Amino acid sequence: MEQEPIAGYGWYIKRIDNALAKEAAHNMQANALTKQQGHMLVTLKHAPKGSMTLKELEDRFGAAQSTIAGLVARLEKKGLVEGFHDPDDKRIKRVRLTDAGHAMHQTCRQNVVNSEKRLVSLLTEEERASLLDLLRKVYDAVK
């Protein structure tokens with residue numbers, strides 16, 4: 001008779017998520033960034049036109065204008081983003097990454113890659129592919 005495991009799927013998924021979140025927070029802190037600031041860098045890196053308006057950022061983050069303005073101001077102070085007026089409408093403020101912002105995004109991206117490599121370091125290439133396929137299926141079941 002097979003014994004039931006003490007910890008089920010959710011227990012392991014939650015512990016893995018906690019470990020990854022802790023490592024991400026440590027990496028962000030080492031780069032003097034908050035989670036929201038890191039998210040802003042990623043958002044701007046993938047902006048369709050290379051920049052976004054404050055209004056677009058408010059909508060994307062689901063945050064108030066004052067929150068986004070403060071977030072942008074702190075990133076401007078760090079030299080990672082710059083605000084500028086829309087060439088077609090001077091009333092609209094746009095935000096884009098600076099060269100330093102692009103470099104910081106790359107550093108953050110490399111931290112994620114390193115974390116994921118460590119996550120699957122004990123698996124064979126076949127096991128990694130299988131795990132990714134299974135995780136997609138599990139995600140599809142819960143989304």
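## A pair in helix H3

Which side chains meet in a salt bridge at 3.3 Å, N to O? Asp59 and Lys55 do. This is a predicted model, so take what follows as a reading of a prediction. Asp59 and Lys55 sit 4 residues apart in helix H3, which covers residues 54-61, so about one helical turn separates the two. Asp59 is exposed, and Lys55 is exposed too.

## Other salt bridges

The structure holds 9 salt bridges, and the Asp59 and Lys55 pair is one of them. Here's the general idea: side chains of opposite charge can pair when their charged atoms come close.

Another one links Arg91 with Asp89, where the closest N and O atoms are 2.8 Å apart. Is Arg91 buried or exposed? With 74% relative accessibility, Arg91 counts as exposed, because the cut-off for that label is over 50%.

## The largest pocket

Now for the empty space. Rolling a probe the size of a water molecule over the atoms shows where empty space is left. The largest pocket has a volume of about 1400 Å³. Its lining takes in 39 residues, and Ile16, Asp17, Leu20, Glu116 and Leu119 lie nearest the centre. The elements giving two or more residues to that lining are H1, helix H2 (35-45), helix H5 (99-119) and helix H6 (125-142).

Which element gives the most to the lining of the largest pocket? That would be H1, with 11 residues. Sorted by class, the lining of the largest pocket has 24 nonpolar, 8 polar and 7 charged residues.

## A nonpolar patch on the surface

Trp11, Tyr12, Ile16 and Leu119 form a nonpolar patch on the surface, and together they have about 410 Å² of accessible area. Helix H1, residues 9-30, gives the most to this patch, with 3 residues. Ile16 and Leu119 belong to the patch, and they are also among the residues nearest the centre of the largest pocket.

Take Trp11 as an example from the patch. Trp11 lies in helix H1. At 41% relative accessibility, Trp11 counts as partly exposed, because that label covers values between 20% and 50%.

## Ala32 in the loop

Follow the chain past H1 and you come to Ala32, in the loop between H1 and H2. Ala32 has a positive phi of about 60 degrees, although it is not a glycine.

## Glu127 and His39

Back to helix H6, where Glu127 lies. Glu127 counts as partly exposed, at 39% relative accessibility. How many residues separate Glu127 and His39 in sequence? They are 88 residues apart in sequence, and 30 Å apart in space from C-alpha to C-alpha.

Notes:
Residues are numbered from 1 along each chain as its sequence is written. This is a predicted model: local features need pLDDT of at least 70, side-chain atom pairs count only at pLDDT 80 or more; totals for chains, interfaces and linings use all residues. Side-chain values use heavy atoms; hydrogens and water are left out. Patches are made of residues with over 30% relative accessible area and no salt bridge: like charges are joined within 9 Å, nonpolar side chains (Val, Leu, Ile, Met, Phe, Trp, Tyr) within 5 Å. Accessible areas come from the Shrake-Rupley method with a 1.4 Å probe; for residues, only the protein chains shown count as cover. A salt bridge is a side-chain nitrogen of Lys or Arg within 4 Å of a carboxyl oxygen of Asp or Glu. Buried means under 20% relative accessible area, exposed over 50%, partly exposed in between (1.4 Å probe, protein chains only). On a 1 Å grid over the protein atoms alone, a cavity is a set of points where a 1.4 Å probe fits but cannot get out, and a pocket is an open set with protein on both sides within 12 Å along at least five of seven lines; lining residues have an atom within 4 Å of a point. Grid points are joined across faces, edges and corners, and a volume is the space filled by probe spheres set on the points. Ala, Val, Leu, Ile, Met, Phe, Trp, Tyr, Cys and Pro count as nonpolar, Asp, Glu, Lys and Arg as charged, and the others, Gly among them, as polar.
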